[in-house]
Amino acid sequence: MEKTAGMRTRKPINWSDMTFSVVNYTLLTILLIITIYPFYYIFIYSISDSFQAQSGVFLWPAGFSLESYRATLQLNGLQEAAVVSVLRTIVGTILTVLCCSFFAYLITKREMPLRKLIYRFVLITMYFNAGFIPWYLTMKAYGLQNNFLLYVLPTALSGFNIILIKTFIEQLPPALEESAKIDGAGYFTIFTRVIFPLSTPIIATIAVFAALGQWNTWFDNFFLVENPNLQTLQLVLYNFLNQSNSISSMSAAEMTNSAEVRTMTPQSIQMTITMLVTLPIVVVYPMLQRFFVKGIMMGAVKG
Amino acid sequence: MRRKGKGRAAAALLLSFMVTLTACSGGAENTTGNASQTGTADKNGIVTLRVLVNETGTNWNTYPDSDIAKEIEKKVGVKIEYVEADANKMNVLLAGGDLPDIVRADPTQYGKQLIDGKLIIPMDDLLGKYGKDIQESIPTVVDYSRDNWSEGQKKLYFLPPQIQADPSPIYPNLTIGPTMRWDYYKEAGTPPINSTDDLLNVLQQISAKHPTTEEGKKIYGVSMWQDWGLWPYIIPFTWITQQSAIGSSDLFAKPLGEHRLINVLTDENSNYWVAMDFYNKAYRMGLLDPDALTMKNNDYMAKATAGQFILGPATWAMGDYNAKYAKDGKGFMVLPVGKQAWSGGVRPVGWADKSYAISKSSKYPEKAMEFLNYIHSYEGARTLYSGIEGTHWKMENGKPQLTKETIDMKVNGGDAWERTGIALDQNLIGLGGSVIDPKTKTPVNLFSTEEAMAASSTALEKDFSKHYESSYPGEVVSKMVQEGKLQDENTPLQNMTAEEIVQENTVVLPVLNDDLLKLETQLKELAARTAATMILSKADEDFAANKQDAIAAFKAAGADQLTQFLTTEYSKALQTAGVKQ
């Protein structure tokens, strides 16, 4: 028999390796099912008929109905709210990334005046939170009520992000900066041409977290924004869910005598909203995932 | 070079975004004028008033152009917009001090903060100029508000909605009580039911004839759901025990017409023990759904919709069975049996926890007063309940009558009905539906006249009413109460003066402090577990023994401490309200 390049020699069966593989695969499969099943459940519940789904859904949808999707997607103001949410995610993320990274870079420069003091101030905000009322009063005082800037300005600086980027920048070889300085570059040029491009992994990580945060936040909208042109997707959906909950828990005194037919239950609306809100994230995340891996890998190698 | 260009382009893009958006929101700010929370006037002089409501999930804002909203614009010159707030947001807005034009809140909870913090204004001056209808329709409430809801200032700050000083002459259809499959009950010959044992016998008869549904699912005599706390043990038996639940604690009840509170766990004849007896016997007779002790409300509703129960606690608890089959004459109706019907009662000070006040920062307090006057007027209340004169109802022979189209629209429900805005938010209507308009001697809510109730009945309700020689289910109860066969919440009021009625209805029930709340929670958990043991007792002797053990256990766990506290506080509250004990 000729041995070609593509042919492998037979290896003897290694039982311990085999056992390890079997156990490994089994455990990971179980983990996979546990992780994916809740999401799958939400998906099949949302496409089930609302009332049949109440008796329980397991592997397959109970009946089939896109009624809850139709009702949710036809909500008044949903498209405008979606646009606002997308805008705030994009603008907010860009702002957060730029501000946090530049701030972190400045903090790494020893020659910056009051460096330690400013850094500690920022750190304190990570641990202490004044609560709702001071936050509300501060936002009002800055004139951020009913203003788009409310969505993007307060989150522009975050202690946690700054620490991450600062630590990352400090790991970069100082020779890079020094050589740029010798070539006559100022701080800003060094930041934009040298530091920022090198920090891509950590920047991407922060960008993803910031984007997720922006996409999911609704309470700043709830407390401070009444302008119908500035409602976010999350709040519109939250209001819709509250309405359906309040209808289903109407007291006897408020019920009319006519047989009002409910076409959906609050649970199926909840499931539909969850699907609509997480779907964009599920689509975008895998594309950005490679930055995480790269970032972690780089850290590991350097360490 | 390309990268530099890209970076510059990105920066330019970002900047232009922010400038555009700030400009956008800046521009929008001018049209809705909301650097503050209050409303504005548009070019036609229509003022948008913003109302802070202490609840979420309202749907008033979903229909800003409803027929009713347009009528309010026409009659009062205002548009109403809700600002929803949960407890957190409420506290935040109160702290911020900049409230919407009108505030709807509970004066006992927020009154001190609002009045002492000078966040709302007294309405006395405005009342003279713009509040004629209020003075005409609800003078006693104005006085009550001055005396009790003004932090001792004797000024008018709060006006509640849904005020109804006299018992309603028209009976609404019952919704809570022994709710049985009417078609089955009729088939069994509508035997009399004067006790829970009678009820069980009827269930047994029906169960023998109807063991399964058409789809082959098993039919159970009775069942319950376990995720509303002790609800299935303390609410559904008022029809025979005549004890009503009180708001401040699930563990206490008040017998009809009496001025005392009983602890449902330690009093041997309470709702709780009657429930234990009933469910235990049902279990032993094979009538109890095996899932009754573990099921959640959702599952209960699903089974009810599938027709798997003969008896339930309320019409709204039977899933969508009635919605599907009422037109075929099949479905669940509350039987007019036992001792008491869950109906009647008065609200001399309305739904006080949703009272309206005018905020200090409102730029249009006169318009706010005009609006509050409108909703408390007979004309305004009639419009909000029944629709617009000429469109939804017409005057015929001096009496207002709903048009057939309006009644049909309500019965069919759905989007067309909601778009009219009729009775969209009951909290927005100052007078109760059964308040009689003195000009035409008809209730302001035309849907609660006898003709309208009869016309909007489903086939099931018509069949039910016909059997009892009436034209709609509420009338059945009304006749029985008049004949003395049934009592209801109006019965004790019959021999009281108007002043005494107000006193009865304004007793502030005692509230438990934190320590007692913990004790109450522990007792409730114990009660739920005990219920399972009690209901599964195998024989009468076991039941009796278990009952004595359980009561001893409740006492050992501190039930008497709660009883002591609440009865003492209740006596004090009765004295404060001026009720003779």
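This is a predicted model: local features need pLDDT of at least 70, side-chain atom pairs count only at pLDDT 80 or more; totals for chains, interfaces and linings use all residues.
Tutor: Local features need pLDDT of at least 70, side-chain atom pairs count only at pLDDT 80 or more, and totals for chains, interfaces and linings use all residues. Residues are numbered from 1 along each chain as its sequence is written, while chains are lettered from A and ligands numbered from 1 in the order in which they are written.

Student: Why is H6(A) called oblique to H3(B)?

Tutor: The axes of H6(A), residues 132-141, and H3(B), residues 87-96, cross at roughly 55° and come within 9 Å. Such axes are lines fitted to C-alpha atoms, for helices over the stretch in contact, with angles from 0 to 180 degrees between N-to-C directions. Angles under 35 degrees count as roughly parallel, over 145 as roughly antiparallel, 65 to 115 as roughly perpendicular and the rest as oblique. H6(A) is therefore oblique to H3(B). The helices themselves are DSSP runs (H or I, at least four residues), as strands are (E, at least two), numbered from the N terminus.

Student: Which residues make the contact of H6(A) with H3(B)?

Tutor: H6(A) supplies Phe132(A), Ile133(A), Tyr136(A), Leu137(A) and Lys140(A), and H3(B) supplies Asn88(B), Asn91(B), Val92(B), Ala95(B) and Gly96(B). Two residues are in contact if their C-beta atoms, placed from the backbone, lie within 7 Å. By class, the contact of H6(A) with H3(B) has six nonpolar, three polar and one charged residues. Here Ala, Val, Leu, Ile, Met, Phe, Trp, Tyr, Cys and Pro count as nonpolar, Asp, Glu, Lys and Arg as charged, and the others, Gly among them, as polar.

Student: Why are H4(A) and H11(A) called oblique to each other?

Tutor: H4(A), residues 78-108, and H11(A), residues 200-216, pack at an angle of about 140°, with axes 8 Å apart. By the cut-offs already given, H4(A) and H11(A) are therefore oblique. The contact of H4(A) with H11(A) divides into eight nonpolar, seven polar and one charged residues.

Student: What is the hand of the crossing of H4(A) and H11(A)?

Tutor: The crossing of H4(A) and H11(A) is right-handed. A crossing is right-handed if the near helix is turned clockwise from the far one by less than a right angle, and left-handed if anticlockwise. H6(A) also passes H3(B) in a right-handed crossing.

Student: What makes S12(B) and S13(B) a pair?

Tutor: Two strands pair if DSSP finds at least two bridges between them. Four bridges join S12(B), residues 393-396, to S13(B), residues 399-402, and the strands run antiparallel. Trp393(B) stands opposite Leu402(B). The strands form a hairpin with two residues between them, and Asn397(B) in the turn has a positive phi of about 55°.

Student: Why do S9(B) and S10(B) stand at the edges?

Tutor: The open sheet has three strands in the order S9-S5-S10 of chain B, with antiparallel pairing. S9(B) and S10(B) each have a single partner strand, so one side of each is left without a neighbour in the sheet.

Student: How many bridges join S1(B) and S2(B)?

Tutor: S1(B) and S2(B) pair in the parallel sense over seven bridges. Glu81(B) in S2(B) is the bridge partner of Arg50(B).

Student: Which domains does chain A have?

Tutor: The assignment gives domain 1 (15-69) and domain 2 (77-249). These bounds come from an automatic or database domain assignment. The centres of the two domains, taken over C-alpha atoms, are 35 Å apart.
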